[in-house]
Amino acid sequence: MKIEETPWSDPDATELRLRQRAEVAERYGTPDSEPGTPPSAADIEVFFVAREDDGTAVGCGGLRRLGPGVGEIKRMYVDPGRRGSGVAADILRTLEDWAREQGWTTLRLETGDAQPDAIRFYTRAGYRRIPNFGGYVGAKRSLCFERPL
């Protein structure tokens with residue numbers, strides 16, 4: 001497996017993000033469950049796609065700059081058939097390494113109460129619950145996390 005920096009508009013990146021949004025919509029019972037500002041090519045600093053050796057895209061994740069030294073993890077997703085294989089940990093490590101190289105000192109993220117697997121994953125990776133920030137303030141189903149790098 002390899003993890004490559006990829007343009008936001010890459011077809012595999014786009015497909016993985018669509019699958020991520022469909023899964024979230026199914027979990028929350030609504031196609032529009034994102035309380036914050038949706039990420040876009042204009043505000044994502046970097047986006048990565050994890051690919052099998054044959055080129056099959058199996059996961060992705062990106063970073064949005066929130067302010068000096070602080071970034072937000074956006075659109076982390078791993079194909080359900082590859083979950084538990086270490087792909088998510090590899091993507092997260094890649095995001096964290098990239099953030100450190102930029103001089104960032106903190107990463108934040110938002111997930112929701114219907115995503116216990118994500119909560120467990122991030123908690124095990126050292127992220128700790130914080131008060132909701134930005135567009136997530138007041139979002140009842142949102143849970144925010146942070147980790148110093």
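Which residue in E4 does Cys 60 stand opposite? In this predicted model, Cys 60 faces Tyr 77 of E4. The strands concerned are E3, residues 57–67, and E4, residues 70–78; they run antiparallel and are joined by seven bridges.

**Sheet**

The pair E3 and E4 belongs to an open sheet of seven strands with mixed pairing, ordered E1-E2-E3-E4-E5-E7-E6. Strands E1 (2–5) and E6 (128–130) are at the edges; each has a single partner strand, so one side of each has no neighbour in the sheet. On average, neighbouring strands of this sheet are turned by 30° against each other, with direction ignored.

The UniProt record, an unreviewed entry, lists residues 1–149 as "domain: N-acetyltransferase".

| Helix | Residues | Strands involved | Angle to E4 |
|---|---|---|---|
| H1 | 11–28 | E2 (44–51), E3, E4, E5 (106–112) | about 85° |
| H2 | 87–101 | E1, E2, E3, E4, E5, E7 (142–148) | about 160° |

H1 has 18 residues, which at 1.5 Å a residue should span 26 Å; the end C-alpha atoms of H1 are 26 Å apart, so the two values agree.

Which residues of H1 are buried? They are Ala 13, Leu 16, Arg 17, Gln 20, Val 24, Ala 25 and Tyr 28. The cover over these buried residues of H1 includes strands E2, E3, E4 and E5. Those strands are also the ones that H1 touches where it packs on the sheet.

Both ends of H1 have a local feature to note. At its start, a side-chain oxygen of Asp 10 comes within 2.9 Å of the backbone nitrogen of Asp 12. Just after H1, Gly 29 has a positive phi of about 75°.

**Arg 75**

A positive phi also occurs in a residue other than glycine: Arg 75 has a phi near 55°. Arg 75 is part of strand E4. Is Arg 75 buried or exposed? Its relative accessibility is 11%, and a residue is called buried under 20%, so Arg 75 counts as buried.

Key. Residues are numbered from 1 along each chain as its sequence is written. This is a predicted model: local features need pLDDT of at least 70, side-chain atom pairs count only at pLDDT 80 or more; totals for chains, interfaces and linings use all residues. Side-chain values use heavy atoms; hydrogens and water are left out. UniProt positions are given in the numbering used here, feature names are shortened, and annotations may be inferred rather than shown by experiment. Two strands pair if DSSP finds at least two bridges between them. Helices (H or I, at least four residues) and strands (E, at least two) are DSSP runs, numbered from the N terminus. Axes are lines fitted to C-alpha atoms, for helices over the stretch in contact, and angles run from 0 to 180 degrees between N-to-C directions. Contact means heavy atoms within 4.5 Å. The expected span of a helix is 1.5 Å times one less than its number of residues. Buried means under 20% relative accessible area, exposed over 50%, partly exposed in between (1.4 Å probe, protein chains only). A polar contact is a pair of N or O atoms within 3.5 Å; within protein, one must be able to donate a hydrogen and the other to accept it, and residues adjacent in sequence count only if both atoms are side-chain atoms.
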